[in-house]
Every structure is written in structure tokens, then in C-alpha cells.
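Please examine the structure shown below before reading on.

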Amino acid sequence: MGRAISAKQPEEAIKMGQQLIESYPSTTYAEFARLTLAKLKVEAGDLEAGKLRLEEEVKQGHDETLKSLARLRLARILLARGEADAGIALLEGTESTAGKFSALLEEVRGDLLIAAKRPEEARSAYEKAKELGNRSPLLDLKIHDLPAAG
């Protein structure tokens with residue numbers, strides 16, 4: 001699958017990934033394959049197929065780190081599709097399992113809250129992302145662009 005991706009043969013990589021998932025559905029290999037297939041589908045402009053693969057990983061995955069990554073990517077897809085409320089709901093209660101993705105999760109939560117027209121809550125999420133170690137200049141711009149607190 002990796003060789004097909006490197007050779008810029010996404011169709012072959014997708015076929016191999018699907019075979020891997022079907023043959024070894026409860027393995028870590030299948031989890032990585034679901035994440036990779038979702039990425040390939042999103043890169044090809046098929047947000048729905050990417051969303052479905054990430055939903056599979058969130059529901060069927062065993063590795064909490066990979067499930068956190070899948071939730072983060074799925075939330076970004078929901079944001080791109082204009083489904084901010086669904087993205088916010090997806091991230092609810094995931095703080096304790098987000099691990100090293102905690103800061104990114106809070107930034108994406110802030111983005112979703114902005115899309116849902118909840119700027120004060122977005123500010124809190126962005127500030128929490130900074131507290132958790134996100135030092136992105138883009139995050140600073142997002143905070144600066146928020147309306148004044150009040």
C-alpha cells in the first residue's frame with residue numbers, strides 16, 4: 001500500500017487498503033489502513049468516503065491514539081461540510097483520551113465553535129490549546145481575529 005502511495009497510484013493503494021481491512025479487520029494494520037484510505041479519499045475530493053472511513057475507525061478501532069487522530073480528522077471533515085454542531089458533539093468528552101492530540105483537538109473545537117457562531121467558547125478552546133502546548137502562529141491569528149471579549 002505504501003509503495004502504491006509513493007508511486008502516486010491511489011487507486012491501487014485504495015484496493016490494497018480495502019483488502020487489508022477485509023482480511024485483518026481487528027488489527028492495527030486495519031486501523032492504519034482506514035486512516036490512510038480516508039486521507040486518500042479526502043485528497044481526491046471525496047469527503048463523504050473519507051468521513052465514512054474515519055467513522056469506522058472511531059467505532060471499530062482499538063488503539064486510543066489512532067481513534068483520537070480519526071476523531072480529529074473527522075471533525076475537520078465535518079467543519080468543511082458545514083456540520084459544525086456534529087463536529088462539536090463528536091469532540092465532546094474526548095479530552096481524557098486525546099493524549100498528544102489534545103492541543104490540536106482544542107484548536108479544531110475552537111474552529112467548530114467559530115463556525116457555530118459561538119466566539120466566546122471558541123476563545124476558551126483556543127486558549128486551552130495554547131495552554132496545552134500549541135504554539136502555532138495561526139492559532140495566535142485566530143485568537144486575534146475573534147471579537148473583543150465582553
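**Accessibility and basis of the model**

A residue is buried under 20% relative accessible area, exposed over 50%, and partly exposed in between (1.4 Å probe, protein chains only). The model is predicted: local features need pLDDT of at least 70, side-chain atom pairs count only at pLDDT 80 or more, and totals for chains, interfaces and linings use all residues. Residues are numbered from 1 along each chain as its sequence is written, and side-chain values use heavy atoms, with hydrogens and water left out.

**Salt bridges**

The structure contains 14 salt bridges, each a side-chain nitrogen of Lys or Arg within 4 Å of a carboxyl oxygen of Asp or Glu. One of them joins E121 to R118, with the closest N and O atoms 2.8 Å apart. E121 is partly exposed at 39% relative accessible area, and R118 is partly exposed at 30%.

Another salt bridge pairs D111 with K142, where the closest N and O atoms are 2.9 Å apart. This pair links distant parts of the chain, since D111 lies in helix 7 and K142 in helix 9, 31 residues apart. D111 is buried, with a relative accessible area of 18%.

**Packing of helices 4 and 5**

Helices are DSSP runs (H or I, at least four residues), numbered from the N terminus. Helix 4 (residues 47-60) packs against helix 5 (residues 64-80) at an angle of about 150°, and their axes are 9 Å apart. The two helices are therefore roughly antiparallel, a term for angles over 145 degrees, on a scale from 0 to 180 degrees between N-to-C directions.

Note on methods
Parallel < 35°, antiparallel > 145°, perpendicular 65-115°, else oblique.
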